[in-house]
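Subject: Structure handover and notes

Hi,

Here is the structure I promised to pass on to you.

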Amino acid sequence: MKKLGLIFCVLMVLNFQQIAAQETDKNCACCSVEYHQFDFWLGKWEVYDQNAVLIGVNSIVKMADNCLIQEKWIDDARRGSSTIFYNNTDDSWNQIWVDNSDFILKLKGNLEGDIMTLKSDLITGVQLKYYNQITWTKNEDGSITQLWEIYNQDGLKISDVFLGIYKKTLN
């Protein structure tokens with residue numbers, strides 16, 4: 001009888017732990033693994049070009065109970081901000097960028113390996129149709145390389161727009 005009572009107590013504790021874990025998940029809408037895929041970009045960064053010249057600073061923080069990432073970029077001419085979020089209905093990352101030149105960029109994509117790739121929809125320009133693609137790559141030294149490229153509608157690269165090497169600041 002004591003064994004039966006002990007088994008009952010163990011089962012009750014395990015059941016309680018499972019219920020508590022489910023309640024924690026319900027209370028944290030953005031806590032699954034997918035919501036942490038872009039966490040490698042969080043922090044305060046100095047951004048350098050390929051010649052090691054400082055070109056700007058960027059601050060990336062989580063907000064709204066881990067459901068949003070807020071980016072704040074500053075360089076000599078541009079001030080900009082983006083909101084980045086994971087959309088669990090279509091399993092995608094999304095970014096909406098707006099800056100002080102009234103430039104707006106909307107991107108969507110996913111993490112593959114150590115590279116986050118986000119792309120715009122196809123845009124009809126004056127001479128051709130194109131899309132923007134930005135990748136963030138984790139480097140072995142802890143830095144991040146951000147590359148913004150333009151591709152034509154056939155997927156052929158037209159040009160690089162931006163290459164930045166992100167290095168975390170000490171403060």
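Two strands are said to pair if DSSP finds at least two bridges between them. Strands themselves are DSSP runs of E with at least two residues, helices are runs of H or I with at least four residues, and both are numbered from the N terminus. With that in hand, strand S7 (residues 115-119) and strand S9 (residues 129-138) pair in the antiparallel sense over 5 bridges.

Before I go on, a word on where the values come from. This is a predicted model, in which local features need pLDDT of at least 70 and side-chain atom pairs count only at pLDDT 80 or more, while totals for chains, interfaces and linings use all residues. Residues are numbered from 1 along each chain as its sequence is written, and side-chain values use heavy atoms, with hydrogens and water left out.

**Overall picture**

The protein chain has 1 helix and 11 strands, and from the N terminus on the order is α-β-β-β-β-β-β-β-β-β-β-β. Of its 171 residues, 31% count as buried (buried means under 20% relative accessible area, exposed over 50%, and partly exposed in between, with a 1.4 Å probe and protein chains only). Mean pLDDT, the predictor's confidence in each residue from 0 to 100, is 89 for the chain, and 84% of residues reach 70 or more. Please treat one stretch with care: over residues 19-24 pLDDT stays under 50, and the model has 0 contacts there beyond four places in sequence. A contact means heavy atoms within 4.5 Å. Among contacts in the chain between residues at least 6 apart in sequence, 28% join residues at least 24 apart.

**Around S7**

Glutamate 112 has isoleucine 115 of S7 as its bridge partner. The hairpin of S6 and S7 has 2 residues between the strands, and glycine 113 takes a positive phi near 65° in this hairpin. On the S9 side, leucine 118 stands opposite isoleucine 134. S7 has a covered face with Met116 and Leu118, and an uncovered one with Ile115, Thr117 and Lys119.

Glycine 109 also belongs to S6 and counts as buried, at 10% relative accessibility. Leaving aside neighbours within four places in sequence, glycine 109 is in contact with Ser92, Trp93, Thr117 and Leu118.

**Core and aromatic rings**

A nonpolar core here is a set of buried Ala, Val, Leu, Ile, Met, Phe, Trp, Tyr and Cys residues joined through side-chain atoms within 4.5 Å. The largest one has 26 residues, and Phe38, Trp41, Trp93 and Trp136 have the most contacts inside it. Strand S10 (residues 144-152) gives the largest share of this core, 3 residues.

Phenylalanine 38 is buried at 1% relative accessibility. Not counting residues up to four places away in sequence, it touches Ile69, Ile84, Trp93, Met116, Leu118 and Trp136.

There are 12 aromatic pairs in the structure. Rings of Phe, Tyr and Trp (its six-membered ring) pair if their centres lie within 6.5 Å; planes under 30 degrees apart count as stacked, over 60 as edge-to-face and the rest as tilted. Phenylalanine 38 and tryptophan 93 are edge-to-face, at 5.6 Å centre to centre and 85° between the planes. Phenylalanine 38 lies in the loop between helix H1 (2-27) and strand S1 (43-48) and tryptophan 93 in strand S5 (residues 92-99), so this pair ties together parts that are 55 residues apart in sequence. The rings of tyrosine 86 and tryptophan 93 have centres 5.6 Å apart and planes at 55°, so that pair is tilted. Both tyrosine 86 and tryptophan 93 are buried. One aromatic cluster takes in Tyr35, Phe38, Phe40, Trp41, Trp45, Tyr86, Trp93, Trp136 and Tyr166.

**Backbone angles in one loop**

Alanine 64 has a positive phi near 50° without being a glycine. Alanine 64 sits in the loop between strand S2 (54-63) and strand S3 (68-74), partly exposed with a relative accessible area of 46%. Aspartate 65, in that loop between S2 and S3, has a positive phi of about 55° and is exposed at 69% relative accessible area.

Best wishes
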